[in-house]
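Subject: Structure handover

Hello,

Here is the structure for you to look through. Please open it first, then read my notes beside it.

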Amino acid sequence: MATDPIIGIDLGTTNSLVGVSAWPGPTDLPRILPAADGAHLVPSVVRIDDAGVVVGALAKAQAAEHPRGTIASVKRLMGRGLEDAQADLPYLSYKVVQGPGQTARVQLSDGRLVSPQEVSAHILRALRAQASAALGVQVGRAVITVPAYFDDAQRQATRDAARLAGLEAVRLIAEPTAAALAYGLGLRASSPAQTIVVYDFGGGTFDVSVLRLTPGVGATATAPGADAFEVLATAGDTHLGGDDIDFAIVGWLAGQLQALRPGLPVPSDGQRRALLALAEGAKIELSKSEEVGIDLARALPEGSGGPLRVTLTRAVLEALAGPLIERTIAACGRAVRDARARMEGEGIDAVILVGGSTRMPVVRRRVREHFKIEPYTAIDPDEAVALGAAVQASILSGATTGAMLLDVIPLSLGLETAGGGVAKIIMRNAPVPAEAHEMFSTQVDNQGSIRLNIVQGEREMAGDCRSLGVYHLGGIPAMPAGLPQLRVEFRVDANGILGVCALEQRSGRRLDVQIVPNHGLTRQEVERIERESFAFARQDMARHRIADLIATGALDLGWVRTQLGRYGAGLASEPRGRIEGAVATLSELLERARGDWEAVAADELMRAKEALDHASVPLHELAMTRTLQQGEANEQQPGGKRASP
Ligand code: ADP
Ligand code: MG
């Protein structure tokens, strides 16, 4: 067992998360440590009253019943005086007064004053307990993220909060820097010098930062981490977020309600809250769907009449959110202008999306249009900051040594094919950037959806490689096996981020995904994988060959059986008997090979397949003649291409 890990904490205004990396072993990937109920996010909400302290989801859920004892968004007060915090006070539901030394204090309903540090400490203590429970060790050290614009007093307040929670804040790093680390930027030995924009659109705040990655700067020579980044400029709006989009939707819903039920009184507080919940739910749904039905009756008191259904389309949502999103884009322009003075004329090399509101397709589109770059979205936008803090923590603890050092693709990237083999698309040691594509088809008639398991590694069978993600390309119209033409393109950019595009050319169905293949990979792990691939090479090749033979053999058998059922009666008994014999032999071999791939020699399987091919020539000919006679052009033998996914 390793010694106690350093955890990474995203101490957010709305939500907080905790993660760990390279623990217990150096090859363990960065991951979020969930609460006992499985939740990743801990709402940054604390309730303090006579009964004690409640933190997180429960405090948030019960906020309406305890308006004065519930403290949300305390991060806005950290290290600030009442004077500095004026603009934030209207957004806080509790009383804030001036405390000792010009610092803001929260006044509880019983008159007690608590400092923002103490409130934050409750959140940190909960995260620490959550991490200790998930890891099974007592955790005492953390890397904590803070906004890039936090000043010394705000940073010191964060450190004090950690100390009160029994945590040593080993390092504070900027949130956008953490997001870049989560993507592995700066972790290569010779990372290119580059300028990176981090666009963070959350619930209540919008921040955009321009970072400069300077290669060769580092905490350790092998794993530079956050030291390699410099914040060139920040801009944003501390009162602009997803909540504002929800308010705009509520305005629209209220208008609909007025039109449907003109006589209704002005909505009460409770109704407004219910409308807000409906609005947020609809907004989140519209990130996936084109329209959503909303029953406004759910926001009205019982007995106000039947259901009141309205439909909100994505187009209407985009019109409502448009002005808010344009404000974020304007801030991007300001940040880049400010940074430019220090940028020596370079352009923007990468854009990273962080924060729940960046799940909205319109946000992604506007950012792409503005920067003329496909933004990075591979990592969950809620988790990127905490994961990056965890990566920095693992570097500082020495657990991650020699992070991803190579300027080439260290491990081959490919796709699982029918039967479980791997079709390698980009080979290891290819220099980045790299791109390649392959054509595939289907194995089964009328396959409506194609499963894409993207894998990394040198072994021949997908099960022995690392799966980078499983995706589904659906909506393929009914076609015989082998007819769909699936073009799968892999592109790895200079930062090692993999973009996969799968296009079924007959239907135009398309899937685009982004993956961070080298997430958490260390040189040691790459070397181990290489060694294993040599050790297993002979066995793996044989196994891959058997897997492909099983897949294509099954396809042949299926075809022959179908045709035999249709036209078999038209064959003389002698050729027919030969076909049936070959079918029996091959299916028996396939059965055995499926049970244990080593039970059958590849050559024997190959011979049985060839024997079936040979025996079924008369059946082919008969089928062809009949097909021509019937003008049946909709049936096709698979092209004998490689096995398909
Ligand atoms: P913060 O950084 O302020 O702590 P988050 O990054 O957690 O906030 O973002 C919370 C916001 O993201 C909320 O306004 C929420 O409604 C919004 N959000 C979460 N998921 C989605 C989604 N799928 N589509 C649109 N907005 C979303
Ligand atoms: Mg955030």
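Gln102 is exposed, with a relative accessible area of 59%. Exposed means over 50% relative accessible area, buried means under 20%, and partly exposed is in between, using a 1.4 Å probe and protein chains only. Gln102 sits in the loop between S8 and S9. Its phi is positive, about 60 degrees, although Gln102 is not a glycine.

A word on the source. This is a predicted model, where local features need pLDDT of at least 70, side-chain atom pairs count only at pLDDT 80 or more, and totals for chains, interfaces and linings use all residues. Residues are numbered from 1 along each chain as its sequence is written, chains are lettered from A and ligands numbered from 1 in the order in which they are written, and side-chain values use heavy atoms, with hydrogens and water left out.

Now the loop between S2 and S3. Ala22 is found there. Ala22 also has a positive phi, near 50 degrees, and is a residue other than glycine. Is Ala22 buried or exposed? Ala22 is buried, with a relative accessible area of 3%. Pro24 is in the loop between strand S2 (15–20) and strand S3 (31–32). The peptide bond from Trp23 to Pro24 is cis, with omega near 5 degrees.

Another cis peptide bond joins Val432 and Pro433, with omega about -10 degrees. Pro433 lies in the loop between strand S20 (422–426) and strand S21 (434–440).

Back to S8 and S9. An open sheet of three strands runs in the order S8-S9-S10, with antiparallel pairing. Strand S8 (95–98) and strand S10 (113–114) are the edges; each has a single partner strand, so one side of each has no neighbour in the sheet. Strands pair if DSSP finds at least two bridges between them. Strand S9 (residues 104–107) and S10 are joined by two bridges. Val106 stands opposite Val114 in S10.

Next, a residue in strand S11 (residues 141–146): Thr145. Thr145 is buried, with a relative accessible area of 1%. Which residues does Thr145 touch? Leaving out residues up to four places away in sequence, Thr145 touches Ile9, Asp10, Leu11, Ile173, Glu175, Ala178, Val385 and Ala389. Contact here means heavy atoms within 4.5 Å.

Last, the cavities. A search of the whole structure finds six of 30 Å³ or more. A cavity is a set of points, on a 1 Å grid over the protein atoms alone, where a 1.4 Å probe fits but cannot get out; lining residues have an atom within 4 Å of a point. Grid points are joined across faces, edges and corners, and volume is the space filled by probe spheres set on the points.

The second largest cavity has a volume of about 70 Å³. Its lining includes Pro147, Tyr149, Glu175, Asp200 and Ser209. Which strand gives the largest share of that lining? S14 does, with three residues. The lining divides into seven nonpolar, two polar and three charged residues. Nonpolar covers Ala, Val, Leu, Ile, Met, Phe, Trp, Tyr, Cys and Pro; charged covers Asp, Glu, Lys and Arg; the others, Gly among them, are polar. Domain 1 (6–183) and domain 2 (186–377) each give at least three residues to the lining. Those bounds come from an automatic or database domain assignment.

Best wishes

Technical notes:
1 Å grid on protein atoms, 1.4 Å probe; cavity = no way out; pocket = protein on both sides within 12 Å on 5 of 7 lines; lining within 4 Å. Helix = DSSP H or I, 4+ residues; strand = E, 2+ residues; numbered from the N terminus.
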